[in-house]
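Here are my notes on this model. Please read them with the structure open.

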Amino acid sequence: MSRLFTPLSLRDVRVRNRLWVAPMCQYSAVDGVPQEWHHTHLAQFASGGAGLVVAEATAVSPEGRISPEDTGLWNDEQRDAWAPIVAAIRRRGAVAAVQLAHAGRKASTWSPLSGRRGSVPLEDGGWTTVAPSAIAFDGYAAPRALDAAGIDRVVADFAAAARRAVEAGFEVLEIHAAHGYLLHQFLSPLSNLRDDDYGGSLAGRARLLLRVLDAVRDAAPDAPLLVRFSATDWAESGWDADQTATVARWAAERGADFFDISSGGLVAHQRIAPAPGYQVGLAAHVRREAGVPVSAVGLIDDAALAEKVLAEDAADAVMAGREWLRDPHYGLRAAAELGADIDYWPRQYVRARR
Ligand SMILES: Cc1cc2nc3c(=O)[nH]c(=O)nc-3n(C[C@H](O)[C@H](O)[C@H](O)COP(=O)(O)O)c2cc1C
């Protein structure tokens, strides 16, 4: 029997299988408002057999956007634009999740779709970024170090966005603590040089994430909560898999339900060697050391590999990004390849089933 096509429960939410869509920025929002593109983009994965569909990094505040074209959930107009998109995902039998994000020192950059790179200057609509310490990401504009009031504001913004996400119909929330964005910047000793309660020891560096978690938990008491970590900076003296496992355990004790294990993104001098399943070992490490459920992601581009990851108990679910872009029906195809008998082929497409 296929493990990949065995349902999984996140609190009271049943996910029909374990082949999920990873969050992917589309850089196509207008003032943080998702558009028709987002609707088609996300709904097609639900038609294509995904279990969980995680909508892209969605900023909790305007200054938390990676680019000016990021989606947001800092106002009600954005919430109301998400609602029909969420409904479309759910009508197609998948579970809708959203990744709540703040880009910190990696905010205010040109969208990759613009063909430009680096920080957007203030005169072109950019903004001054914030971070744990006033250390720039390589080649980007220097951020301002957050003070106590600024930190409280970030926590409140995550909570308000979580509330709006639930109002929009999202059943599952993911906190983005990976890829060198704000919460990861606090976690890593390479970007956090603070000497107050939010820096120094592991507990200090994890304090902001845990506060955000508590605030999101309070704002959305019943929603299953995922946390995405980069389990290593792939750089000397940086954040690593053991620290990730410890903080994942703390997060689980505070009400996080599931951990989405990625890697990298904090520093430009990272050394990564991408290969099929290259982050699976990190997911397995966190699962084993912290005793928490995890998903693995990163070049898991075929059904057999995804099934193997689960069969070897390296992870509880598999996320994929680019393979869903190449084939939005990756889920249906994977089920056919593994001989899994699923009852969610779209009726309209059944003639294509083999
Ligand atoms: C177009 C694109 C946009 C992405 N945007 C996000 C994002 O919003 N949040 C995030 O955590 N990761 C983002 N990622 C990373 C993916 O979620 C995923 O971890 C990565 O692509 C590796 O998985 P893959 O090999 O299956 O594509 C993005 C990747 C792509 C290709």
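1. Ligand site. The ligand is surrounded by 19 residues, and the closest are Ala22, Met24, Ala57, Gly321 and Arg322. A residue is near a molecule if its C-beta atom, placed from the backbone, lies within 6 Å of it. Strand E4 (52–59) and helix H9 (322–326) each give at least two residues to this shell.

2. Nine residues of the shell are nonpolar, six polar and four charged. Here Ala, Val, Leu, Ile, Met, Phe, Trp, Tyr, Cys and Pro count as nonpolar, Asp, Glu, Lys and Arg as charged, and the others, Gly among them, as polar.

3. Provenance. The model is predicted; local features need pLDDT of at least 70, side-chain atom pairs count only at pLDDT 80 or more, and totals for chains, interfaces and linings use all residues. Residues are numbered from 1 along each chain as its sequence is written.

4. Overall fold. The chain has 10 helices and 12 strands. These are DSSP runs numbered from the N terminus: helices are H or I, at least four residues, and strands are E, at least two. The C-alpha trace spans about 60 × 40 × 40 Å along its principal axes.

5. Burial. Of the 354 residues, 53% are buried. Buried means 20 or more other C-beta atoms within 10 Å of the residue's own, exposed 12 or fewer, partly exposed in between, with C-beta atoms placed from the backbone.

6. Helix H5. A kink of about 40° is centred on Leu208. The bend is the angle between axes fitted to the seven residues ending at a residue and the seven starting there. Buried residues of H5 include Leu208, Leu209 and Val212.
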